[in-house]
Amino acid sequence: MGALTPIAVGGVWVGALLLAAGPRYPVAVTADRVAVGPAFGVWPLLAVLAVVPAVVSVMLLMVHQRAPGLALIASLGAVSVGQLLLTAQLLLDPVRAARAELVAPTGVGELRPGLGGWLLLGGQVATALAGLAAAREVGALRGERSMDEPAYGPRTPPGAMLLGVGCAVLTGAGVLAAPYVSADPWLVPRSVLDAPVWAAAGGFALAIGIALAVVLACSTPDPRVSIGGLVGVAIGVLGVVAPRVTVAALAGEHGLRVALGPVLGTLGGLGLGLLAAWVGYRGRRAAYSGVGYPTAGQNPHAVLAGASMFLDGTGALARLGGAVDRLAGPPAAVLAVRCRLAGAALATLAGGGAIAAALAEPLRLAPDLPHPQLATRWLLLAAGALLVPLGLATASRSLGPKVRPALAVVLVTVPMAAGEPLAAVLGVLGLDGVGAGPGLWLTLLAVTLAGAAALAVVLAGGFERDDVDLTRTPYEGPLAAASAAAAVLTVPAFWLPLVDGAGWGTTGVLQPPFGLASWGLLAGFAVTMGALLLGPRCRPGPAMVLYGGVLAVLVFRVARLAVTQGLVLGDGLGEGSWATGLCLLLVVVAAVLVPRTRPRVAPAPLPEPDPQLEAEEVGR
């Protein structure tokens, strides 16, 4: 047992006990120290959902399944980070937190956090730390194994990734939506788009943590570890959405009704549980048949040919081939092509939608109302002009695999361009004589298609890496230094404004008010920084294309100055402009250094000594 295993198990048990005990105490109190209870008492459900993962992890350890148990704890820790931020909002402002399963305000008055809220916060901190320790331990376990994967034995089927990502998208939509429908003026549900900052950050962290845990669980070759990770995500998701559905269904006297979001999240969580059972079933069938899934770079027919030596009778090989095809699902290379083509088609449609949104009217106005001038919507035209040729090139058989990394980065220009016009249009909807125009719907469609395309393109990259003989490039030298420095500069480049002073729109994340435009800039920051940190680890060809995509995003960021109304040459440029320019220069330097950096091929592991051969040699 590793040194971190007791820490992980102890942490998840401490977190489970604190999370189970928290709702039994007042989560919020009034200024007179009077406890404010939930809309409907669901403490038994909350306690069960808190304790179940700790019990399951201990049961797995008792039957000597340490890796699946640690994977379960690691996935649960990834989900608990978002819950931690949601609980922070509950402590800061219980009224605006919209947590009817814990607090149901009944009137005007300031609410303060009670003992129950602090217990919940401590439980989620303990669970997150336990997940971190478990993730480190699982990584150590994988590092102890040989780099040569066995050619036979049960393996996680490649099709599990597509099914897992589908369930993750469903659950992500569920946790980002409003938790319930309310007619109570003191219980106002909010989605992440109009929620307070900590609640919105918690919702996004939940969606990202769920997606990350699912992708890591489905990408591991060991089906036991995959099952543990998927079960952990499923339990964590149900711990978030099941109380929302239950309290909304039972608290009718408070005017609550079940919303669509938690229902989608519940279906996604159940789907992850079924996916874990499916992976286990396929692994068990593979173990019984004695045939494993083909490893990366191995011909599936070679596996069948080797297995045929143990079979007798005519037609046995054909029957085995059909069984393995149904068992293993499509190979990674086929899934890579399918995801790349799907991403290319979606990206082309997103680009066309962005161009149409820029040319269409965003609002339907009464004849006596003036038409607003939204200069920032022309950025959608630039985003579409970038995406359409990239999407068409990615669909090409020869160019597609080469330009795919650039498309994965450039897709973020759509939410960057759509943030400000969407915020301006949504801010006036509902006024007399103002209605949604075709431009609004086309903008929303373009953002949705861009998100779907990014997901498909990233999955294509993951499947391509499963089928390519990878090399290891050390994270050192001039290339790593230039790329890391550029990644650091993305913080001021996106967070600080491009123009000094007020009245120029939202040109930086920290520039108030924080809204849709800020979320679009945050998306651009995350994608750009991630690509720069990943660049030195890539092979030379994909690295060059990746840096090209980063350059396109940074130029698009600077292009925001071209649509700033009233800006003249004498106006002062903000810190964000200078940081973006320096970042552009460093990215160019990194791209120039890529051909000069030679990848280091990972050395083959030394063969393990065979005890039987050693005994025979000694006998001689």
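Reader: Over which ring does the charged end of Arg24 sit?

Author: A charge sits over a ring if NZ of Lys or CZ of Arg is within 6 Å of the ring centre and within 35 degrees of the ring normal. Here the charged end of Arg24 lies over the ring of Trp43, 4.6 Å from the ring centre. The model is predicted, so local features need pLDDT of at least 70 and side-chain atom pairs count only at pLDDT 80 or more, while totals for chains, interfaces and linings use all residues. Residues are numbered from 1 along each chain as its sequence is written, and side-chain values use heavy atoms, leaving out hydrogens and water.

Reader: How many aromatic pairs are there?

Author: Rings of Phe, Tyr and Trp (its six-membered ring) pair if their centres lie within 6.5 Å; planes under 30 degrees apart count as stacked, over 60 as edge-to-face and the rest as tilted. By this rule there are two aromatic pairs. Phe204 and Trp519 form a tilted pair, 4.3 Å centre to centre with 45 degrees between the planes. This pair links distant parts of the chain, 315 residues apart: Phe204 belongs to helix 6 (residues 197–219) and Trp519 to helix 17 (residues 516–534). Helices (H or I, at least four residues) are DSSP runs, numbered from the N terminus.

Reader: Is Trp519 buried or exposed?

Author: Buried means under 20% relative accessible area, exposed over 50%, and partly exposed in between (1.4 Å probe, protein chains only). Trp519 is buried at 19%, whereas Phe204 is partly exposed at 24%.

Reader: Why is the pair of Trp495 and Phe525 edge-to-face?

Author: The pair is edge-to-face because the ring planes of Trp495 and Phe525 stand at 90 degrees, with centres 5.8 Å apart. Trp495 in helix 16 (residues 477–495) and Phe525 in helix 17 are 30 residues apart.

Technical notes
Helices (H or I, at least four residues) and strands (E, at least two) are DSSP runs, numbered from the N terminus.
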